[in-house]
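Here is a short note to read alongside the structure. Take the points in order, and keep the 3D view open as you go.

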Amino acid sequence: METTEQTVQAAEPRQRRVGTFTLGVVLVIAGLGMLAAMFYPRFQPEWLLRASPCILVLLGVETLLSARGGGRVKYDWLGMFLCFVLTGAALCMYCAAWWVAEGPGLPMYNGSWNDTGGALVLRYDYFNDSRSHWLELEAGDTLEIQCDNQEGWLSVEIYGVDNDETVFDQDLAGRESAQVEIPSGGDYYIWICGHRAQGRASFTRVPRPEAETPEVEPYSQTETAPEAEDLP
């Protein structure tokens, strides 16, 4: 009798709650994405957010294949709760992906930031954040701006700390250059905001030219007193 019951139980297909396979795939992909972000800095985690609708597709395919293959899928309260969690997670990730793609995006700066005393040089693989820096400039100096963006653009604002006067406020996209004349000496703040930018930028101080002094010809002839014999 026990052998017959064991044979019947072995012949019955194993019950599985709907959503368990999808949950396993999501966990594996999320873990691999985290590892890739840790070991490869250029990996953009936002691709995981953009792939969030695949959760719903995978969950639907899992349900259809289980029903078509004659497998018994268990739809109890725990299975329905699991489906609800997966659906909610997919919707939240989709909203986050839309915010990243269409909105301001994730704040991130991946690159170098060097101050050589009279120049500020930026090299960035991904710049989607705001940074500030200050330079000490003199009246009559020129600040040369060189920008080379392969993607995105930079919003640059330069203003004096003492007089709060804005001397430059412009968006720089692609390859652009500009020269800013400094009206008065003092400390100047450079406010840089990157918008999904990739490339490089530099801000170089060019000192004012020294005032040219007129050349004075050397005095070669001197007046001498008249000779005594020349006097009347």
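1. Start with the largest nonpolar core, which has 24 residues. A nonpolar core here is a set of buried Ala, Val, Leu, Ile, Met, Phe, Trp, Tyr and Cys residues joined through side-chain atoms within 4.5 Å. Buried means under 20% relative accessible area, exposed means over 50%, and partly exposed lies in between (1.4 Å probe, protein chains only). Tyr124, Leu154, Val156, Ile192 and Phe203 have the most contacts inside this core. At least two of its residues come from each of strands E4 (119–128), E5 (130–137), E6 (142–160), E7 (166–181) and E8 (186–206). Helices (H or I, at least four residues) and strands (E, at least two) are DSSP runs, numbered from the N terminus.

2. A second, separate core has 7 residues, among them Val18, Cys83, Leu86 and Ala90.

3. Before going on, a word on the source: this is a predicted model, in which local features need pLDDT of at least 70 and side-chain atom pairs count only at pLDDT 80 or more, while totals for chains, interfaces and linings use all residues. Residues are numbered from 1 along each chain as its sequence is written, and side-chain values use heavy atoms, with hydrogens and water left out.

4. Which residues does Tyr124 touch, leaving aside neighbours within four places in sequence? Its contacts (heavy atoms within 4.5 Å) include Tyr109, Cys147, Leu154, Gln198 and Arg200.

5. Now look at the rings. The whole structure holds 4 aromatic pairs. Rings of Phe, Tyr and Trp (its six-membered ring) pair if their centres lie within 6.5 Å; planes under 30 degrees apart are stacked, over 60 edge-to-face, and the rest tilted. Tyr124 and Phe127 make a tilted pair, 5.5 Å centre to centre with 55° between the planes, and both residues are buried. Ring pairs join Tyr109, Trp113, Tyr124 and Phe127 into a cluster.

6. Finally, check the backbone. Most residues other than glycine have a negative phi. Asp164, in the loop between E6 and E7, has a positive phi of about 55°. Asp164 counts as exposed because its relative accessible area is 57%. Arg196, in strand E8, has a positive phi near 50° and is partly exposed at 27% relative accessibility.
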